[in-house]
Amino acid sequence: MRLHQLPSEFQKALPILEKIKQAGFEAYFVGGSVRDAILGRPIHDVDIASSSYPEETKAIFSRTIDVGIEHGTVLVLEEHGEYEITTFRTEDVYVDYRRPSQVSFVRSLEEDLKRRDFTVNAFALNEEAQIIDKFDGLRDLENKTLRAVGVATERFTEDALRIMRGFRFAATLDFTIEETTFEAMKTTAPLLEKISIERIFIECDKLLMATSWRKGIRALIDSKAYNYLPDMKEKNRELEELLEVISEDFAFRTSEQAWAMLMICLELSAPKSFLKHWKTSNDFQKTVMKLVAIYQLRQQQSVNKQMCYRYGKELLYLVEELRQAQGLEVDYDRIDRIDHSLTIHDKHEIVVKGGDVMTTFQLKPGPLLGRLLNEVENAIVAGNLANDSTAIMAFVGEKLANE
């Protein structure tokens, strides 16, 4: 099969392939970018594989960086971009279910493609737009099937992260996992406990952000692989609820929104610990926890000024979308009206600062000052006090007089 036209991302990289070929070696575009080109999907990273060994690759180009030379990867810097060139290779026994104990460089493209995870990721593409398909990946693409290359249990035992990648591809590509491949995923799922949780989080996050995220979650449930993920053991019913309560056509708009909904359905006793166990960033944790808090408040009451001021319009919108996806009552107009009516959206917008209050009323730092400033902030947000220095000082004076 040939592509009618090389996508612009590949055309831009053609000089790299040409230089390698002029030096007497083979070079191809490989991996997911080729799959996406066939499917007409956006192309992100362009990966190049070559029969040239790392030192030979470095001799061809004037500017290179050894980004992973022990695994055969050299970063080539050219005027028109940066490209990772990886030598054709085979891999020895995987000692930690993630990394091979030894990498051997080879001159054979087919030997290199044999080590790929799924047939739809095992394509190569030459400079003439010819697709090289050694494992019937084109047929699997046509049938929307996700199938492991070679012996499925070997692929997942080599690198257990491929299990999560499989669930993710089912979601992002809207593919069905082939039966033998899926059975191998189920069998090898306990190996997920040996994989870096940061890497698993990336795959789970991409799964949740996919349009067909439900297909990925369905595979996660049916495989029982969730039992080997942080704080998800025996959470079958809760994960089923995630599929049941959210409307079929809903897609999450942000990662934080997706993880907040997941946590709500999981009914966690220690939600903050959950995010820490997944080793997410502090900023991510704060945003997700705010969304969970807003969701719980909205279960009890309508949006009010304090809620809008404390959490902001954007987070309220994200929660309202989750409510809408469940068929619950929503009111975006109310959020807009309240947000527009707020005198301030942040305490730093208050014209009088703590130092001003201390100087005027001869106060020292302490609980009293903190309480007065909080009362000023709350009164301005509620609309009971103008954000005006004279009015604020009078308000503080009155409070102190009643102490």
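1. Angles under 35 degrees count as roughly parallel, over 145 as roughly antiparallel, 65 to 115 as roughly perpendicular and the rest as oblique. The axes of H19 and helix H20 (residues 389-401) cross at roughly 130° and come within 11 Å, and H19 and H20 are therefore oblique to each other. Axes are lines fitted to C-alpha atoms, for helices over the stretch in contact, and angles run from 0 to 180 degrees between N-to-C directions. Helices (H or I, at least four residues) and strands (E, at least two) are DSSP runs, numbered from the N terminus.

2. The model is predicted: local features need pLDDT of at least 70, side-chain atom pairs count only at pLDDT 80 or more, and totals for chains, interfaces and linings use all residues. Residues are numbered from 1 along each chain as its sequence is written, and side-chain values use heavy atoms, with hydrogens and water left out.

3. The crossing of H19 and H20 is right-handed (a crossing is left-handed if the near helix is turned anticlockwise from the far one by less than a right angle, and right-handed if clockwise). On the H19 side, Leu368, Leu372, Glu375, Val376, Ala379 and Ile380 meet Ile392, Phe395, Val396, Lys399 and Leu400 of H20, where contact means heavy atoms within 4.5 Å. The contact of H19 with H20 comprises 9 nonpolar, no polar and 2 charged residues. Here Ala, Val, Leu, Ile, Met, Phe, Trp, Tyr, Cys and Pro count as nonpolar, Asp, Glu, Lys and Arg as charged, and the others, Gly among them, as polar.

4. Helix H19 (residues 367-382) also gives the most to the lining of the second largest pocket, with 4 residues. The volume of this pocket is about 200 Å³. Its lining includes Lys347, His348, Leu373, Asn374, Val376 and Glu377, and divides by class into 4 nonpolar, 3 polar and 3 charged residues. On a 1 Å grid over the protein atoms alone, a cavity is a set of points where a 1.4 Å probe fits but cannot get out, and a pocket is an open set with protein on both sides within 12 Å along at least five of seven lines; lining residues have an atom within 4 Å of a point. Grid points are joined across faces, edges and corners, and a volume is the space filled by probe spheres set on the points.

5. Helix H7 (residues 161-173) packs with helix H9 (residues 197-209): their axes come within 8 Å and cross at roughly 15°. H7 and H9 are therefore roughly parallel to each other, and their crossing is left-handed. Among the residues in contact are Leu161, Met164 and Phe167 of H7 and Ile200, Cys204 and Leu207 of H9. The residues of this contact divide into 7 nonpolar, 1 polar and 5 charged.

6. With helix H8 (residues 179-188), H7 packs at an angle of about 135°, the axes being 10 Å apart. H7 and H8 are therefore oblique to each other, with a left-handed crossing. Arg162, Ile163, Gly166 and Phe167 of H7 touch Phe182, Met185 and Thr188 of H8.

7. How many cavities of 30 Å³ or more does the structure hold? There is 1, and about 60 Å³ of space lies in the largest cavity. Its lining is formed by Cys204, Leu207, Leu208, Ile217, Leu220, Met232, Leu239, Trp259 and Leu262. H9 gives the most to this lining, with 3 residues. By class, the lining has 9 nonpolar, no polar and no charged residues.
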